[in-house]
Amino acid sequence: MWLTLLYSCAGGAALLYALYRWVIPTVVKIHPELTLLWHDKIVEWILDRVTRSTRPQRLLGAVQKNATRGDPRSVIQAIDDYCKNKEWAMNVGDEKGAILDSVVTEVNPATVLELGTYCGYSTVRIATLLPPHAKLITLEFNPEFAKIARQVIAWAGLEDKVQLVEGSSDDLIGRLKEQFGVDTFDLVFLDHWKKYYLPDTKLMEECGLLRKGSVLLADNVICPGAPDYLEYVRSSPRYQSRYFKAHLEYTNVEDGLEKSVFLG
């Protein structure tokens, strides 16, 4: 009887592990809503309780364990490897990250604004490619994310090139000129709450933070999606827009980046 119970428990545990590790991720990997629900809610909730840590803390641990201090590319690689093989996270990711890299290189900006730092992955990608004396300001609302991002950026050796500011974008955008001595931004990377893409873009216009030729690059415009923002930049005569089709970070779900050049 006890042996049968033991076998049943072992079999049940093996089945649950197989479902958690392979079956469910395979089923949901092409469905946007299920993908986000599984990775960003269920799995994160489970791992937070099992490890008694948070996803940002686990990402930082992967960087400290596997990346070389002062080597930004090794920091990016460590996060990508962790997110592909251990735990998904909503960084811009390697596929869209390559598109981000190409836009940064093309624009060669002296001033960059990033909306949404999260754990510093895209911040590191951008800062690595900036010319000397360029200014990168990144805004993060969540204090825990900001704390982890500062450590990731420092591990990459880029703390002197990045100014991370905590607070809400709708509050900070109006104070950027006065508080940080910025006239306009050559490049803006939008990667925060998708519902704020459009109001924050209009706020930047009102505050005169965009000049003719300023480039806005918006992530996750398909998944989770920013339809009102896309409609605005694609229909407004003030922008010339182009969509870069890709996939939601570390999945097969369609997503993409929208590059919009401000025409004045």
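Modeller: Helix H10, residues 197–206, has seven of its ten residues buried, so the rest of the structure largely encloses it. Buried here means under 20% relative accessible area, exposed over 50% and partly exposed in between, with a 1.4 Å probe and protein chains only. Helices (H or I, at least four residues) and strands (E, at least two) are DSSP runs numbered from the N terminus. The model is a predicted one, in which local features need pLDDT of at least 70 and side-chain atom pairs count only at pLDDT 80 or more, while totals for chains, interfaces and linings use all residues. Residues are numbered from 1 along each chain as its sequence is written, and side-chain values use heavy atoms, with hydrogens and water left out.

The buried set in H10 consists of Tyr197, Leu198, Asp200, Thr201, Leu203, Met204 and Glu205. After the helix comes glycine 208, with a positive phi near 70°.

Next, the sheet. Seven strands form an open sheet with mixed pairing, in the order E3-E2-E1-E4-E5-E7-E6. Strand E3 (162–166) and strand E6 (239–247) are its edges, each pairing on one side only. On average, neighbouring strands are turned by 15° against each other, direction ignored. Strand E5 (residues 210–218) pairs with strand E7 (residues 254–262) in the antiparallel sense, over four bridges; strands count as paired if DSSP finds at least two bridges between them. In that pair, leucine 216 stands opposite serine 260 of E7. H10 packs on the sheet and touches strand E1 (111–115), strand E4 (185–190), E5, E6 and E7, its direction making about 165° with that of E5. Contact is taken as heavy atoms within 4.5 Å. The axes are lines fitted to C-alpha atoms, for helices over the stretch in contact, and angles run from 0 to 180 degrees between N-to-C directions.

Phenylalanine 189 is buried, with a relative accessible area of 0%. Neighbours within four places in sequence aside, phenylalanine 189 contacts Val92, Leu100, Leu113, Glu114, Leu115, Ser122, Ile126, Leu217, Asp219 and Leu257. Its C-alpha atom is separated by 10.0 Å from that of leucine 257, 68 residues apart along the chain.

Asparagine 220 sits in the loop between E5 and H11. This asparagine 220 has a positive phi of about 55° although it is not a glycine. Most residues other than glycine have a negative phi, and most peptide bonds are trans. Asparagine 220 is buried, with a relative accessible area of 0%. Helix H11 (221–225) contains proline 224. A cis peptide bond, with omega about 0°, joins cysteine 223 to proline 224.

Elsewhere, histidine 133 also has a positive phi without being glycine, near 70°. Histidine 133 lies in the loop between helix H6 (121–129) and E2. In contrast to asparagine 220, which is buried at 0%, histidine 133 is exposed, with a relative accessible area of 82%.
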